[in-house]
Amino acid sequence: MNQSDEAEITLQVCDPKIISGINKYIVYTIKGMDKNGQFDIQRRFSDFKTIRQFLLTKWPGCYIPPVPPKKAFGNMEQQFIDERREMLEDFLKRIATLKFLWYSEEFQIFLKTPGEIEKALLSIPKVTNDEIINKYQDTFSELSGREINREIIQKINDFKAFIKKVQPMVQNFKQIAKNIAEAKQSHQIILIDFIIRGIPQYENTLLLEYVEQKEKLPFTNIIQNEEVKELIDQYCELLKDPKLNQLYQEVRKEGKQLKAFLETFSEREKYEYQKANAESRQKELELALQEVLAGKTTIRTLFSKGKKDDNIAKLQYQITEVGKEIESYQFICDILTVLVGYVEIDKFKVEKQYQYYSMIKNIISYQSRFSEIEEKLWSKVLESEYLQQQQQ
């Protein structure tokens, strides 16, 4: 790999703006720097979908990270805009780890060419089989010589079957995670209000009548302490942090990632289908050639004004050309089989492990910190003189 390809890529997706018109839409600013210099451009959500589709076409068999799902209603709500911005940034950061995608012609156009992205991308010539072969031989030279055997084919088929099997399970778990996150967030909002307003209000309007002395209001008095005030601030800040929403977002992303990986299989299968079609055409041409050689009239030669020798030469030429086409499709199929079987599946599994362990560590760290602050806060309240008296 060229040393310049190791240059750090910095990026952010920021400053979402609602553009009014016949149809409202949102533009996001993409800022950063790569080895080619700085970039600062605005793109709408549909542009992200467009570049991803182009990457799928130009880099068949490669796993292309997904963009966020489309939403028909509520897509102008601030929470949704913030979540989408974060997910679009995540999409770009994943592309940035795949330098061959980041520095591809189509992605650099997306990143640095102002104006309508689809029109600019359509100006790129359609990639040929030979170009795909040459590009992949250069990009994935380390895969040269890898064996295509029964085990690697079985690995691909098994992982495809696994994804299809677990997709409904992930969808179900996504709904469970969403329900938990929403219930937790609702509970935490109520608890913050209870601590900041509810308890002090109860003590000052009701308990004061019973005890008749402000000094006997345990919570009201203890929260005057600076240390306790700071603990309450920390406690409420933790309550405001929708940490369990991260679990929902991760499960939501996983569903999209599984679907995106199925597209990786689909691109590989597309070339296998095209190879099968070419083989079928070759058989038809060979059969037609045999019939012409035997002196029979075929559909192909019925309306031909040429001589028999000319028809034979034409059919032989067509058979040769289709043979070359089959060879190129076979070469691409082999490359994609090696790429998916030896690289993409293993890389995807490692990435999913990392995502899960990072998420669990973050949630556990949060819950641990939350429990620590909660215990300190309520322990301080228990130290109130009058609560201590009640315990005796």
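Reply: Helices (H or I, at least four residues) and strands (E, at least two) are DSSP runs, numbered from the N terminus. Helix α10 is followed by glycine 295, whose phi is positive, near 85 degrees. This is a predicted model, in which local features need pLDDT of at least 70 and side-chain atom pairs count only at pLDDT 80 or more, while totals for chains, interfaces and linings use all residues. Residues are numbered from 1 along each chain as its sequence is written, and side-chain values use heavy atoms, with hydrogens and water left out.

Me: Why is alanine 177 called buried?

Reply: Buried means under 20% relative accessible area, exposed over 50%, and partly exposed in between (1.4 Å probe, protein chains only). Alanine 177 has a relative accessible area of 2%, and is therefore buried. This residue is found in helix α7 (residues 150-211).

Me: Which residues does alanine 177 touch, not counting those up to four places away in sequence?

Reply: Contact means heavy atoms within 4.5 Å. With that exclusion, alanine 177 touches Leu247 and Tyr248. The C-alpha atoms of alanine 177 and tyrosine 248 are separated by 4.8 Å, although the residues are 71 apart along the chain.

Me: What is found at phenylalanine 194 in α7?

Reply: The bend at a residue is the angle between axes fitted to the seven residues ending there and the seven starting there. A kink of about 45 degrees in α7 is centred on phenylalanine 194. After α7 comes glutamate 212, with a positive phi near 65 degrees.

Me: What joins strands β2 and β3?

Reply: Two strands pair if DSSP finds at least two bridges between them. Eight bridges join β2 (residues 25-34) to β3 (residues 37-44), and the strands run antiparallel. Lysine 31 has aspartate 40 in β3 as its bridge partner. The two strands form a hairpin with two residues between them.

Me: What makes up the largest nonpolar core?

Reply: A nonpolar core is a set of buried Ala, Val, Leu, Ile, Met, Phe, Trp, Tyr and Cys residues joined through side-chain atoms within 4.5 Å. The largest has 61 residues, and Ile30 and Tyr136 are among those with the most contacts inside it. Helix α12 (residues 308-382) gives the most to this core, with twelve residues.
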